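Dear colleague,

Please find the structure below, handed over for your work. My notes on it follow directly after.

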Amino acid sequence: MAGDVREQFGQAASAYATFSYHASGPDLPVIVEAAGLTGAETVLDLGTGAGHTAMACARHAARVVAVDLTPEMLAAAADLAASRRISTIEFREADAAHLPFEDGTFDAVTCRAAAHHFADVRRVIDEVRRVLRPGGRFVLSDTVAPEDAKADTFLNTIEFLRDPSHVRDYRGSEWLRMLRAGGFEAEMVHRMVLALDGADWAARQRTPPEKVAMIRQLFAEATPALRAAFELRDAPWGFAQPIAVIRAVRT
């Protein structure tokens, strides 16, 4: 699975550096606020991608360590941070399920738009708890599946067709349950929907035309309830992706 992620995102690094949501999405300030940063903290950003979350946190923290599996993403992130003259971020290649840090190293951990690629999300939660100090905060922002089973299946099907490194968009209730079972006090602090242009969404992951055609067919055959749930559009084609921000405090 790690190899799948590296291959998929190594080719897409430049697109993710400039995509408007990743660069300036409305959840970024929510993440910083939920992390409770005062300027003194050491922060870990998991699955940093092009580094936008790490850079947002760096403006409010003493030090940020940003990790990702994909060297090309880390290079793009480091270049972007240098262009913005941000020098308090350390970029490191690392697997979120096997973090190379001592227990209790960090005051806060952030993870944005990456958790749906984690092959063993419960292992990642355990690792986050381990590297956080007691009372430390884990702030997660990710696409979430609706609680309705059919809508859940629809979203995860189109996500997998678009990107074979996709594992699962969990439901909000699943995230809260997993985090609480993993030793956190967890709450959902923000929900939003992100309107996506379908052609751009597919192009960012270089989705093959035959897979795009399958996604378009699923859109065409969607029930009225699914069309409403995801605000499916035909011309230009696209949909609305549900996103949640969850804050979890290490007990």
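At what angle do H7 and H9 pack, and how far apart are their axes? The angle is about 50° and the axes are 10 Å apart. Axes here are lines fitted to C-alpha atoms, for helices over the stretch in contact, and angles run from 0 to 180 degrees between N-to-C directions. H7 and H9 are therefore oblique to each other; angles under 35 degrees count as roughly parallel, over 145 as roughly antiparallel, 65 to 115 as roughly perpendicular and the rest as oblique.

Please note that this is a predicted model, in which local features need pLDDT of at least 70 and side-chain atom pairs count only at pLDDT 80 or more, while totals for chains, interfaces and linings use all residues. Residues are numbered from 1 along each chain as its sequence is written, and side-chain values use heavy atoms, with hydrogens and water left out.

Helix packing

The crossing of H7 and H9 is right-handed. A crossing is left-handed if the near helix is turned anticlockwise from the far one by less than a right angle, and right-handed if clockwise. Val-121, Arg-122 and Ile-125 in H7 meet Trp-175, Met-178 and Leu-179 in H9, where contact means heavy atoms within 4.5 Å. Helices (H or I, at least four residues) and strands (E, at least two) are DSSP runs, numbered from the N terminus.

A second pair is formed by H8 and helix H11 (residues 209-221), whose axes are 9 Å apart at an angle of about 160°. That makes H8 roughly antiparallel to H11. H8 passes H11 in a left-handed crossing. On the H8 side the contact involves Phe-154, Thr-157, Ile-158, Leu-161 and Arg-162, and on the H11 side Lys-211, Met-214, Ile-215, Leu-218 and Phe-219.

Salt bridges

The structure holds 12 salt bridges, each being a side-chain nitrogen of Lys or Arg within 4 Å of a carboxyl oxygen of Asp or Glu. One of them joins Arg-112 to Asp-27, with the closest N and O atoms 3.0 Å apart. Arg-112 lies in strand S4 (residues 106-112) and Asp-27 in helix H4, so the pair ties together parts that are 85 residues apart in sequence. Both Arg-112 and Asp-27 are buried; buried means under 20% relative accessible area, exposed over 50%, partly exposed in between (1.4 Å probe, protein chains only).

The setting of Asp-27 is helix H4 (residues 27-34), which has 6 of its 8 residues buried, so it is largely enclosed by the rest of the structure. Besides Asp-27, the buried residues of H4 are Leu-28, Val-30, Ile-31, Val-32 and Ala-34.

Another salt bridge connects Glu-187 and Arg-247, with the closest N and O atoms 2.6 Å apart. Glu-187 lies in strand S6 (residues 184-197) and Arg-247 in strand S8 (residues 237-250), so this pair ties together parts 60 residues apart in sequence. Glu-187 is partly exposed at 38% relative accessibility, and Arg-247 is partly exposed with a relative accessible area of 24%. Asp-152, Arg-168, Arg-171 and Glu-174 are linked in a network of salt bridges.

A buried charge

Asp-169 lies in the loop between helix H8 (149-162) and helix H9 (172-181). Asp-169 is buried yet has no salt bridge, and the nearest side chain of opposite charge, Arg-168, is 7.8 Å away. For charges, Lys and Arg count as positive and Asp and Glu as negative; His and the chain ends are not counted. Not counting residues up to four places away in sequence, Asp-169 touches His-116, Thr-143, Val-144, Ala-145, Leu-155, Asn-156 and Glu-159.

Yours sincerely
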